[in-house]
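Hi there,

Here is the structure I promised to pass on to you. Have a look at it first, and then read on for what turned up.

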Amino acid sequence: IFYLSIIVLIPLVALLTKSFSLTWEQFWTAVSAPAVVASYELSFTMSFIAACVNVVFGMLIAWVLVRYKFPGKKLVDALVDLPFALPTAVAGISLTTMYSDKGWIGSWFDKIGIKISYTATGIVIAMIFIGIPFVVRSIQPVLEKLNPQYEEAALPLGASRARIFRKVVLPEILPAALTGFGLAFARGIGEYGSVVFIAGNIPYQTQITPLIIMNKLEQFNYFAATSIALVMVVFAFLLLFGINSLQARINKIARG
């Protein structure tokens, strides 16, 4: 409880105290400014898209790491955790360099008229990069414990591989996939370092909410910064609460 209080509860109480020192009109003005609302839409939409992509490819990566043996498997397994170990600013600069118009990858897309850096597409790519480990590490242990005999038993009964995955594997890994989705979504919403460089920070277009919070802090407008941060915390909490409730419901249905 002491550790939880220091890491989570006390900062949250400080955030609430700072925000509640404003009048309702001041609070609403801070959190509903046009540029702030546009940043909400951008941050939540791009985080949702990135989390959906991460669920699909995170599931595939976890499946390959658990079910197949191949040269360099340990290296690939270690690379999954790279976004955890790499400083976010370094990740952001690296992604911006690779996906810029003259970068290794971005130059190829630029030839066909597709711009990645300094657009919403670049934001999604950065959020995918920092969110993929959450999905893989959530699903991987479940797949490791899942007995392949159930899948093998379904094959002689005439079930296709797609049907086996849908009826046997997916119900087992779905709660873990939801956990990974929620964590990746929440991480994307609050991510700053790896996104700010590739975003371009164009107001009403590529300006994410964490950047607006940082701008408010640099202007010593702590009340506005804490108010906007409170909105993000509430949304993240409701998201995680909803996913946990859905997980509990799925587990209850599976047991019943």
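A word on charges to begin with: Lys and Arg count as positive and Asp and Glu as negative, while His and the chain ends are left out. By that count, this predicted model has 19 positive and 12 negative charges, and their mean positions lie 8 Å apart.

Now for the overall build. Along the principal axes, the C-alpha atoms fill a box of roughly 65 × 50 × 30 Å. The accessible surface is about 14,900 Å², and carbon and sulfur atoms account for 70% of it. Of the 256 residues, 39% count as buried.

What about the inside? The largest nonpolar core holds 37 residues, and the ones touching the most other members are Tyr40, Ile139, Leu143 and Phe185. Two or more residues of this core come from each of helix H2 (24-31), helix H3 (34-67), helix H8 (120-145), helix H10 (161-190), helix H12 (209-218) and helix H13 (222-255). If you zoom in on Ile139, you will find it touching Met59, Ala62, Ile173, Ala176 and Ala177, leaving aside residues up to four places away in sequence. There is also a second, separate core of 17 residues, with Met46, Ile116, Val195 and Ala199 among them.

Finally, a point on how the chain meets itself: among contacts between residues at least 6 apart in sequence, 75% join residues at least 24 apart.

Enjoy exploring!

Best wishes

Notes. Residues numbered from 1 in each chain as written. Predicted model: local features only at pLDDT ≥ 70, side-chain atom pairs only at ≥ 80, totals over all residues. Heavy atoms only, no water. Buried < 20%, exposed > 50% of the residue type's maximum accessible area, 1.4 Å probe, protein only. Contact = heavy atoms within 4.5 Å. Areas by Shrake-Rupley, 256 points an atom, 1.4 Å probe, with all protein chains shown as cover. Charge placed at Lys NZ, Arg CZ, Asp CG, Glu CD. Core = buried A, V, L, I, M, F, W, Y, C linked by side-chain atoms within 4.5 Å. Helix = DSSP H or I, 4+ residues; strand = E, 2+ residues; numbered from the N terminus.
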